[in-house]
Amino acid sequence: MRVLKNLFLLFVLSLLFACKPGVKTGEIAVNDFFKSQDRAQYKVSPDGKTLSYLKLQDNLQNLFTEDIATGKVTQLSFLKSRGVRFYLWVSKDELIFYRDQPLQTGAEMYIVNKNEGAPRKLSADPKAKIRVLEDQLIDNKFLLVASNKRDSTVFDVYKLNIRDGSLSLAARNPGNIADWITDAEGRLKLAIASDGVNETLLFRDNESQAFRPVIKSSFKNTLVPIGFAGKDGRTVYAISNINRDKNALIELDMVTGKEQKVLFYSDSLNVVEGQYSRAKAQVEYVVVETWKKQKRYLNERAKAFYGKLDELLPKTEIKIMARDKNENVFVLRTFTDRNPGSYYLYISGQQKLKKLADINSSIHEAEMCEMKPVSFTSRDGLTVNGYLTLPKGGKKEKLPVVVLPHNGPRSRNGWGYDAEVQFLANRGYAVFQINYRGSDGYGKQFMTAGFKQWGKKIREDVIDGVNWLIVQNIADRKRIAIYGTGFGGFIALNCMSENPGLFVAAASNSGVVNLFSYLKSIPPFWKTSLQMYYEIVGNPLTDVDYMRSVSPVFHSDRFKKPLFIAQNAKDPRVNPGETIQFVKELKKRNIPVTYLEKDEGSYQEKKEESRKRFYAALEAFLKENLKK
Amino acid sequence: MIADKTSGYRKNFLLIITFIVLISVLFILSLFLAFNFSNKYIENEFSSAKVDVLEKTIGPYNDFFQNKIPEVSYYNGFLDSATAAKFTDTVLLKYPFVSKVIFYDSEVKNEPVRDGINASHFSFGPKAIYQFGSLVPLDSVKLFSYDNTRSFSVGDDFNAIGFKLVSFVESLDTAKAPSQDELFSNFSAIRSNRITYLNIPRREDLKVYKEMMRRKLASSPVYQQDLLTFQLDPYKIRIVNSRPLLYQRIRIEPLTYDPIDASDLYMATEITLPGPFSDYKLYFQSSRSFIKKEVFSYFLPIALILLLVYAVLMLVAMLIYRNLNINSKMFKLQYDFITNFSHEFKTPVSVIKIAGNNIRSASSLSEREQKHYGKILDEEADKLNGLMNKLLAFTQIENKSISLNQEEVSMRDFIESTIESHTLKYSDFEMTYEVSGFDKFITDPVLLGSLFDNLAENAYKYSNPGNKKLHISARLIRGRIVLRFTDKGIGIAAQDLEHIFKKFFRIQNQYNQQGSVGLGLAFCKELVNFMGGEIRVKSKINRGTEFIIVLPYINT
């Protein structure tokens with residue numbers, strides 16, 4: 001009898017545990033989506049013999065190498081705080097790595113020999129940023145770097161002696177140079193100057209000469225040099241949309257400034273990337289992006305070579321992450337809309353493919369949702385593209401929707417795995433991303449159409465999109481929320497204040513609440529771009545009324561529905577005091593505001609714990625407002 | 001027994017009187033207390049509700065101070081004369097107590113300034129000064145510029161906040177973020193009738209300011225700062241009298257205002273205004289008679305509630321008294337009944353006893369005597385039996401514990417047999433009858449018999465000898481049987497007519513000295529009701545009485 005009783009008790013207990021609240025079936029834990037990568041930034045040494053990567057240990061990334069032939073793993077950095085943020089190979093044995101730093105402070109740089117270990121500090125100026133321009137060593141000890149050591153607003157070019165860490169000026173920036181480009185031999189021959197509105201491409205034949213302006217273009221145009229074409233030292237591959245609406249791949253004569261050849265152009269396809277082979281000094285293929293990225297091979301050899309990869313890794317996107325100098329050993333990354341993908345090692349001589357690591361092993365493709373391209377016509381007749389991700393299973397109409405406007409200015413949503421989108425879709429919401437006007441990748445006209453339209457036509461595009469979704473019967477008009485980060489947060493707040501009938505709730509993550517402050521927050525070393533931002537966002541001297549009328553901080557009285565506002569109080573990109581004042585005013589007006597103060601990071605937290613905290617709060621907020 | 005009864009009831013009555021007196025005293029006392037309380041309460045209210053008035057009055061100022069002024073910071077130093085004019089227009093329009101706004105379009109730089117503040121390499125000075133206000137003439141909007149420095153004087157609001165800025169930047173700990181409150185207090189100055197506010201720079205800018213104080217920066221940066229001075233007029237504050245019944249007059253007066261003619265006719269109180277208005281106070285005044293009105297308006301509902309409670313208590317007392325009264329009457333009636341009834345029983349019982357005694361004491365009984373006593377015993381036993389039956393039947397009918405028998409009866413035969421039995425009993429009883437419109441109908445013959453017997457009995461009893469006549473008529477009128485019993489008897493007085501159907505009611509006269517318990521007519525009424533009919537009576541003193549019985553006509 002007693003045994004029976006105990007058995008019964010056991011049974012009841014097991015039932016209790018089985019029904020423990022928490023993760024429902026089909027609902028994937030928040031953390032699984034936003035896991036930090038165990039192993040990231042796979043690279044390969046210039047001689048193609050060693051693999052390198054950053055491995056997560058106690059929430060810190062440390063640098064490791066692995067001998068490809070023997071598989072021997074060596075740990076090179078042993079950091080206990082502020083891990084490795086970024087690294088690169090500078091010779092077949094030596095690597096340079098940067099440590100994590102608070103935003104907008106200088107760089108802390110180390111060099112380490114993979115055979116010797118014991119990293120050496122190269123630079124730790126708290127004010128100066130250092131950017132490596134060319135990863136090839138000159139005279140086996142000098143590295144070309146750009147730094148704002150002399151003046152925080154401009155980057156000069158220095159020769160960094162990696163043996164003793166000393167810096168010597170290589171080229172002084174007259175103040176307007178925004179970027180420097182080297183040729184195949186590591187000689188500084190190209191520079192991009194900017195006066196804020198116009199960009200000038202400068203060229204010199206050899207390093208003893210002075211730079212000479214070659215082509216001048218407005219920032220509304222794209223002109224991105226990719227690398228030198230051939231060995232003549234004066235022809236450059238560039239992605240350009242000068243005199244075109246979409247980007248093309250062209251050859252540019254840097255002496256005459258003339259466009260010599262158009263290698264790829266299409267009225268409907270926008271070139272976003274050129275795969276440049278340094279060894280062959282040629283572009284092998286271009287990546288064009290419509291609703292998804294696609295390769296267009298420029299020669300038969302490339303087609304055969306990369307076509308092989310497509311055969312080995314079917315039904316997935318492939319991106320070349322790193323390669324050795326002889327272009328024999330490659331690190332590849334795959335991904336789809338439902339799979340964050342994996343790293344692979346590919347040795348072309350042996351046609352051997354080896355899986356290195358998954359980006360996020362907790363994500364199973366079958367549980368993720370399909371991301372479909374959609375498009376609609378705005379009220380003024382513009383075709384606006386976007387993506388719609390519907391939750392798995394169940395009905396496909398009258399769904400609760402989270403509208404997800406992307407950050408900006410000048411960026412876009414692309415097709416691929418997006419943890420945030422998948423997380424929201426997994427929670428049962430249809431996720432609607434909109435590449436509103438001003439977004440990149442849809443041609444010059446489409447982008448410039450968004451200039452100074454924040455809160456106006458850009459907002460109208462989002463509203464038109466939502467109305468289209470309602471007409472399609474996909475959205476339940478009573479359960480639509482809007483959530484965005486940065487400028488996406490700005491759009492979310494704007495939509496909420498101007499169209500309160502359409503949305504039940506709005507969430508903003510490190511959102512821009514005031515365009516004036518946004519312009520103020522542009523760091524001094526971007527001073528050259530300030531005029532450009534004035535054109536895109538608004539000129540605080542002449543467009544005061546416009547900027548005031550669309551900045552949410554001035555209009556706390558227009559909000560009526562629940563809001564979720566998150567920010568890091570130390571975020572230098574926004575003025576946190578303003579957001580707090582804004583939240584206070586909303587609370588005084590009895591608007592339900594959930595205010596979350598993030599303890600680190602800006603847009604997305606670096607630490608897994610902080611990310612989890614943010615997304616759990618967001619989930620609760622959306623659930624409360626959308627699942628009534 | 002009678003004494004007990006009466007004294008018992010008198011005691012209860014006394015209790016009720018005591019009760020009424022007590023609650024009346026309580027009522028008056030509570031009225032008095034309530035009035036005193038109202039008086040005290042209103043006096044307290046007079047001195048405490050001013051906080052409420054102050055809060056409501058100062059509301060727009062708080063909104064201005066907490067929400068509108070920080071808006072200057074939102075412009076991040078980008079204000080110029082045109083945009084500042086727009087901003088101040090909204091301020092002037094929305095907040096009437098702001099009389100003038102002075103806008104200092106200022107700069108923070110590394111180069112020393114001629115007008116402004118220089119602290120080592122840190123300089124803070126105005127580029128231009130503008131004033132805005134409804135009374136400012138258009139040609140004097142611009143007060144100061146680099147080329148025209150006439151209206152800039154040291155000791156100005158500008159310098160006050162300038163010193164604050166310098167000392168704040170000097171002691172700034174760049175490692176930690178200053179709190180919102182710290183920033184606000186360091187970038188604003190509140191003085192009598194004016195608020196000066198400097199837009200709060202971003203934390204990054206403050207770090208540069210600190211650097212600028214230490215050394216000359218290579219890029220010689222220039223930062224824009226907007227300084228606004230709001231001149232306030234306390235007399236333009238719109239007073240919100242949230243208690244118009246309490247405060248007759250509310251004014252804004254200087255802090256020193258203290259009228260000497262404050263007589264006993266007036267009550268007054270005051271409260272100091274906050275922040276830049278601290279040299280002024282709200283002065284509240286009401287006349288005594290005005291306050292009295294408010295006291296009454298507060299007291300009246302309390303008094304009404306008290307009155308209601310008092311009324312309910314009185315009603316309860318009255319109802320208790322009434323019930324007691326009825327009970328006492330019932331008690332008396334039942335007592336009468338018992339007396340009557342015992343008397344009623346006594347006669348036959350004593351006759352039986354005498355007869356019994358006679359039979360026992362007689363040595364021998366003649367046949368005549370034997371028959372005589374036999375007859376007496378038989379008759380008296382019948383009488384007792386009749387009494388018992390009557391009582392039983394009555395209680396049964398009253399409790400509805402018997403059921404109706406349904407039998408077909410011929411009216412004519414029924415009346416004839418009644419007449420026969422009564423004339424047999426009373427040879428001087430003259431009875432006549434008539435039946436028209438029907439003959440046979442369905443009823444309970446026993447109950448109907450009792451009814452006829454009772455009414456015939458009464459007619460005989462209450463008629464003078466020689467005039468003992470009864471006419472019974474039975475008619476079918478509009479589907480109902482109407483029976484009339486008309487006698488030529490003594491009649492019933494009008495005041496008694498409504499009581500004759502009550503239990504134990506007897507009209508006191510020589511005709512019913514014995515053999516009556518006052519149940520007969522009450523019994524008849526119960527019977528008729530039981531049979532689904534009704535009974536009425538018409539009577540005239542010394543002329544006769546007519547009982548009218550209406551019964552439902554049920555035919556086969």
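Predicted model: local features only at pLDDT ≥ 70, side-chain atom pairs only at ≥ 80, totals over all residues.
Biologist: Which residues of α10(B) are buried?

Modeller: Met411(B), Phe414(B), Ile415(B) and Thr418(B). They cover an arc of only 95 degrees around the axis, so they sit on the same side of α10(B).

Biologist: And what is exposed on the other side of α10(B)?

Modeller: Asp413(B), Glu420(B) and Leu424(B).

Biologist: How many residues does α10 of chain B have, and how far does it reach?

Modeller: Helix α10 of chain B runs over residues 411–425 and has 15 residues. From first C-alpha to last, α10 of chain B reaches 21 Å, close to the 21 Å expected at 1.5 Å a residue.

Biologist: Over to chain A. At what angle do α6 and α7 of chain A cross?

Modeller: Roughly 75 degrees. Helix α6 of chain A covers residues 457–471 and helix α7 of chain A covers residues 487–498, and their axes come within 10 Å. That angle makes α6(A) roughly perpendicular to α7(A).

Biologist: Which residues make the contact?

Modeller: From α6(A), Ile458(A), Arg459(A), Val462(A) and Ile463(A). From α7(A), Ile491(A), Asn494(A), Cys495(A) and Glu498(A). The contact of α6(A) with α7(A) has five nonpolar residues, one polar and two charged.

Biologist: What about Met496(A), buried or exposed?

Modeller: Met496(A) is in helix α7 of chain A. It counts as buried because 25 C-beta neighbours lie inside 10 Å.

Biologist: Which residues does Met496(A) touch, leaving out those up to four places away in sequence?

Modeller: Ile482(A), Phe503(A), Ala506(A), Phe559(A) and Lys561(A). Take Ala506(A): Met496(A) and Ala506(A) are 10 residues apart in sequence and 6.4 Å apart in space, C-alpha to C-alpha.

Biologist: What is phi of Ala118(A)?

Modeller: Near 50 degrees, a positive value in a residue other than glycine. Ala118(A) is in strand β8 of chain A, residues 117–123. It counts as exposed because it has 10 C-beta neighbours inside 10 Å.

Biologist: And phi of Asn243(A)?

Modeller: Near 65 degrees, positive in a residue other than glycine. Asn243(A) is in the loop between β18 (235–240) and β19 (248–253) of chain A. Asn243(A) is exposed, with 10 other C-beta atoms within 10 Å.

Biologist: Last one. Where is Arg172(A)?

Modeller: In the loop between β12 (167–171) and β13 (177–182) of chain A. Arg172(A) counts as exposed, with 12 C-beta neighbours inside 10 Å.

Biologist: How far apart in space are Arg172(A) and Asp139(A)?

Modeller: They are 21 Å apart, C-alpha to C-alpha, and 33 residues apart in sequence.

Conventions
Residues numbered from 1 in each chain as written. Chains lettered and ligands numbered in written order. Helix = DSSP H or I, 4+ residues; strand = E, 2+ residues; numbered from the N terminus. Expected span 1.5 Å × (residues − 1). Buried ≥ 20, exposed ≤ 12 C-beta atoms within 10 Å, placed from the backbone. Arc of directions from axis to C-beta. Axes fitted to C-alpha atoms, helices over the stretch in contact; angles between N-to-C directions. Parallel < 35°, antiparallel > 145°, perpendicular 65-115°, else oblique. Contact = placed C-beta atoms within 7 Å. Nonpolar A, V, L, I, M, F, W, Y, C, P; charged D, E, K, R; others polar.
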